[in-house]
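Let's take a walk through this structure together. Have the sequence and the 3D view open, and follow along as we go.

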Amino acid sequence: MIKTDVAIIGGGPAGLSAAIAAADMGAHVTLVDRNQELGGQLLKQTHMFFGSREEYASTRGFDIANILKEELKKRNVDVLLNTTVVGYYKDDGVWGMEHGEDKFVKLKAKKTVVATGAMERHLLFPNNDLPGIYGAGAVQTLMNQYGVVPGKRVLMVGAGNIGLIVSYQLLQAGVEVAAIIDAAPTIGGYLVHASKVRRQGVPIMTSYTVKKAYGNGVLEGATIVKVDNRFQPIPGTEMDMDIDTMCIAVGLNPLVELLWQAGCEMRYIPQLGGHVPVKDENYETTVEGIYVAGDAAEIEEATSAMVEGRIAGLNAAYTMGFDNGHYCDEREKAIKRLQDLRSGPVGVKISNGLLKLAEEAV
Amino acid sequence: MEEKTVVCRCEDITVEEIEELIDLGYDEIEEIKRITRCSMGPCQGRTCRNLLIQVVASKTGKKIDELHIPTYRPPAKNIKMTALAGGDEDEK
């Protein structure tokens, strides 16, 4: 059994930042990730980030992963790759992990930061299991990490930032994007991303949804339909599109099964992506010693995930008595950063969700 | 060709099958899970659990936060018996 001060589950932007922050305070940190390489979803993000200099604005996602990995190497952190945390055993406070394919390893930590990220949502429509229908994130992984294009002509379902960015990257890879549709009446993503694909001639059709997919064994087309303001299909507005690939980009759900297992109090908050853990300002859940950060805490983006990771990591270490003398400053700075990140119009949804979570938790 | 709207890809469970069960009175996620194995396949519900919740909520007219969510138990993903039976180094 591995013993450590702070265990971090998940080596994406939140987990890497948590590991760095906890190690800086002086704690011994063990970072666990199920993949062969650290970085999480940053590895496939070839676009430059917004935000501020402190969180690497104007730097591409995979470069941010490299910066964080370099920082990690300078610190006292044990990294376990190819290792998946599969269970939490409450009575002993032990995490069970699958290492490789046939080894079981136990991990006991005084504090844990759960930074497991999120899972792509799927949609319900006839023939939604045809080969050729992907999550947009999966397509981004295929193209940007493995250099494989998914098809020739794509329908993107979802005009949020993921849908818009992946559409642009499909165009860059020489794939035709037939259209971007979204059931909402407005484009969810940033205007700057929407403008980039529109300039390439890709129509963005709001108030449209998928009625059905069709094809003989593989995806050959989809029927889309306009919806009214209650998201009900309007008969007679159907359109057929010849496509061999459909990307579903309709949002993410926090990946929180380990928190459920641990008995953390959970609430259903749509603005935060679904069932999310109740947490305090230090990102500690209702189970003492278990912290959460990043998309597992609420669906937001990598910049805020990094700041949340820092807060969780700092506090996990500090509550054990570790402090390099900068705890108070660092914590205050990070909390302020989060507030700033969420202060603009793009932060309204998250702020409302967090408010609702706080109210319901009382 | 029969057109299916699949909720659970691992266990091949459709919306129609779930709605039929609700019509029969099995309107708890837990019951549907036990009868159909929806969310009990290799992915352990990572994709379908939220779709199942969505179908049950819209068919029963209940709000999602009123629904009872089944207990999550280890392991969170499929793991070989060899690994579990082998145990950790200190158990050998």
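Predicted model: local features only at pLDDT ≥ 70, side-chain atom pairs only at ≥ 80, totals over all residues.

Let's begin with how chain A is divided up. Its domain assignment gives domain 1, made of residues 2-119 + 252-361, and domain 2, made of residues 122-248.

Now find helix 1 of chain A, at residues 13-25. With 13 residues, helix 1 of chain A reaches 19 Å from its first C-alpha to its last, close to the 18 Å expected at 1.5 Å a residue. Is helix 1 of chain A enclosed or open? Because 13 of its 13 residues are buried, helix 1 of chain A is largely enclosed by the rest of the structure. Just after helix 1 of chain A comes Gly26(A), which takes a positive phi of about 115°.

Next, look for helix 7 of chain A, at residues 302-318. Helix 7 of chain A has 17 residues and reaches 24 Å from first C-alpha to last, close to the 24 Å expected at 1.5 Å a residue. Helix 7 of chain A is mostly covered, with 17 of its 17 residues buried.

These two helices meet each other. The axes of helix 1 and helix 7 of chain A come within 7 Å and cross at roughly 35°, and the crossing is right-handed. Among the residues making the contact are Ala14(A), Leu16(A), Ile20(A) and Met25(A) from helix 1 of chain A, along with Met306(A), Gly309(A), Leu314(A) and Tyr318(A) from helix 7 of chain A. The residues of this contact divide into 17 nonpolar, four polar and two charged.

Time for some backbone details. Ser58(A) sits in the loop between strand 2 (29-32) and helix 2 (61-73) of chain A, and its phi is near 65°, a positive value in a residue other than glycine. Tyr283(A) also has a positive phi of about 65° although it is not a glycine; look for it in the loop between strand 18 (274-277) and strand 19 (290-292) of chain A. Which surroundings go with each of them? Ser58(A) is exposed, with 10 other C-beta atoms within 10 Å, whereas Tyr283(A) is buried, with 29 other C-beta atoms within 10 Å.

Over in chain B, go to the loop between helix 3 (48-60) and helix 4 (81-86), where Pro75(B) has its place. The peptide bond from Pro74(B) to Pro75(B) is cis, with omega near -5°.

Finally, let's see how the chains touch. In this model, 30 residues of chain A are in contact with 28 residues of chain B. On the chain A side, strand 4 (83-89), strand 5 (94-99), strand 6 (103-114) and helix 6 (257-262) each supply at least two residues. The residues on that side divide into twelve nonpolar, nine polar and nine charged.

Notes. Residues numbered from 1 in each chain as written. Chains lettered and ligands numbered in written order. Axes fitted to C-alpha atoms, helices over the stretch in contact; angles between N-to-C directions. Helix = DSSP H or I, 4+ residues; strand = E, 2+ residues; numbered from the N terminus. Left-handed = near helix turned anticlockwise from the far one by under 90°. Contact = placed C-beta atoms within 7 Å. Nonpolar A, V, L, I, M, F, W, Y, C, P; charged D, E, K, R; others polar. Buried ≥ 20, exposed ≤ 12 C-beta atoms within 10 Å, placed from the backbone. Expected span 1.5 Å × (residues − 1). Domains from an automatic or database assignment.
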